[in-house]
Amino acid sequence: MTISKWEKVVVLDLDDTLYKEADYRQSGFRAVCREIEALYGESLTRDFEGHTRGDGDVLDLLCRRAGLPLSAKESLLWIYRLHTPDISLTEDVRDVLRQLEARYPVIVLTDGRSMTQRKKMLALGLQRLPVYISEEHCSAKPDPRRFEMIMKDYPARAYVYVADNPRKDFIAPNRLHWKTIGLRGDERNIHSQDCEGLTSEMLPNQWIDTLTELPDILC
């Protein structure tokens, strides 16, 4: 009889779960504004501070305000994607991670570009954690492949996935019989958490208001 090495594995989403993605967007727009100012002498940072709407919309506006051709938007987009983000974990989240890592393997599973997501992990001090990024595996949620890879790489009796977006995050782990936990957000969340019209397999097994609830739930 094969005995699982671990009793439980905890898998966490990144954006809007461990930190606010709106903070990343503001950081990216500030980086783009700094580059425009350095190259073209146009100071736009103050005008665009606080913007968190779609990347393309803001970059279009930045091109126009700086008098750049719209073809420059592609270059600005890569500055945004590859900038060193000014983001951090809250002390509460750091404490939760310390508690979880003392008891379970903790893994990050996130959609996004490899370098962008790894730069976020580095800025947040999370480079110690295993991470499964969609671009690196040609597999974005709700595709189950990365979840299945984790089950192969980290054999355990039970798996937990904590994330924020009910439209794509929980379908695969629900089908694989993982415990799924949704983290309720606020007005700064990038993706809507409106569950109207969603099927039961799209919804988490339970919702929490803050990650500080997680260690007790998993006992």
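View 1. Leaving aside neighbours within four places in sequence, Ala158 is in contact with Glu7, Lys8 and Val9. The structure shown is a predicted model. Ala158 belongs to strand β4. With a relative accessibility of 27%, Ala158 counts as partly exposed. Ala172 lies 14 residues from Ala158 along the chain, and the C-alpha atoms of the two are separated by 15 Å.

**View 2. Pairing of strands β1 and β4.** Strand β1 covers residues 6-12 and strand β4 covers residues 156-163. The two strands pair in the parallel sense, over six bridges. Val10 has Val160 of β4 standing opposite. In general, the strands of a sheet are paired through backbone hydrogen bonds, in either a parallel or an antiparallel arrangement.

**View 3. The open sheet of six strands.** The order of the strands is β3-β2-β1-β4-β5-β6, and the pairing is parallel. Which strands stand at the edges? They are β3 (131-133) and β6 (206-208). Each of these has a single partner strand, so one side of each has no neighbour in the sheet. On average, neighbouring strands of this sheet are turned by 25° against each other, direction ignored.

**View 4. Helix α6 against the sheet.** Helix α6 spans residues 114-123 and lies across β2 (106-110) and β3. The helix runs at about 150° to β3.

**View 5. A salt bridge between Asp15 and Lys120.** The closest N and O atoms of Asp15 and Lys120 are 3.0 Å apart, and the two residues form a salt bridge. Are the two partners buried or exposed? Both Asp15 and Lys120 are buried. In the whole structure, a search finds 17 salt bridges.

**View 6. Salt bridge between Arg145 and Asp143.** Arg145 forms a salt bridge with Asp143, and their closest N and O atoms are 3.0 Å apart. Arg145 is partly exposed, at 42% relative accessibility. Asp143 is also partly exposed, with a relative accessible area of 24%.

View 7. Salt bridges that share partners join Glu91, Arg94, Asp95 and Arg98 into one network. One of the pairs is Arg94 with Glu91, where the closest N and O atoms are 3.4 Å apart. Both residues lie in helix α5 (residues 91-101), three residues apart, or about one turn of the helix. Arg94 counts as partly exposed, at 33% relative accessibility. Glu91 has a relative accessible area of 48% and is partly exposed as well.

**View 8. A nonpolar patch on the surface.** The patch is formed by Trp78, Leu82 and Met115. Together these residues have about 290 Å² of accessible area. Leu82 is in helix α4, which covers residues 73-82. The relative accessible area of Leu82 is 34%, so Leu82 falls in the partly exposed class.

View 9. Lys141 and Pro142 are joined by a cis peptide bond, with omega at about 15°. Pro142 is placed in the loop between α7 (134-137) and α8 (145-153). Most peptide bonds are trans, and most residues other than glycine have a negative phi.

**View 10. Two loop residues with positive phi.** Asp16 is not a glycine, yet has a positive phi of about 65°. Asp16 lies in the loop between β1 and α1 (21-40). The relative accessibility of Asp16 is 4%, under the 20% limit for a buried residue, so Asp16 counts as buried. His177 likewise has a positive phi of about 65° without being a glycine. The loop that holds His177 is the one between α9 (171-175) and β5 (179-183). At 73% relative accessibility, over the 50% limit, His177 counts as exposed.

How values were computed:
Residues are numbered from 1 along each chain as its sequence is written. This is a predicted model: local features need pLDDT of at least 70, side-chain atom pairs count only at pLDDT 80 or more; totals for chains, interfaces and linings use all residues. Side-chain values use heavy atoms; hydrogens and water are left out. Two strands pair if DSSP finds at least two bridges between them. Helices (H or I, at least four residues) and strands (E, at least two) are DSSP runs, numbered from the N terminus. Axes are lines fitted to C-alpha atoms, for helices over the stretch in contact, and angles run from 0 to 180 degrees between N-to-C directions. Contact means heavy atoms within 4.5 Å. Patches are made of residues with over 30% relative accessible area and no salt bridge: like charges are joined within 9 Å, nonpolar side chains (Val, Leu, Ile, Met, Phe, Trp, Tyr) within 5 Å. Accessible areas come from the Shrake-Rupley method with a 1.4 Å probe; for residues, only the protein chains shown count as cover. A salt bridge is a side-chain nitrogen of Lys or Arg within 4 Å of a carboxyl oxygen of Asp or Glu. Buried means under 20% relative accessible area, exposed over 50%, partly exposed in between (1.4 Å probe, protein chains only).
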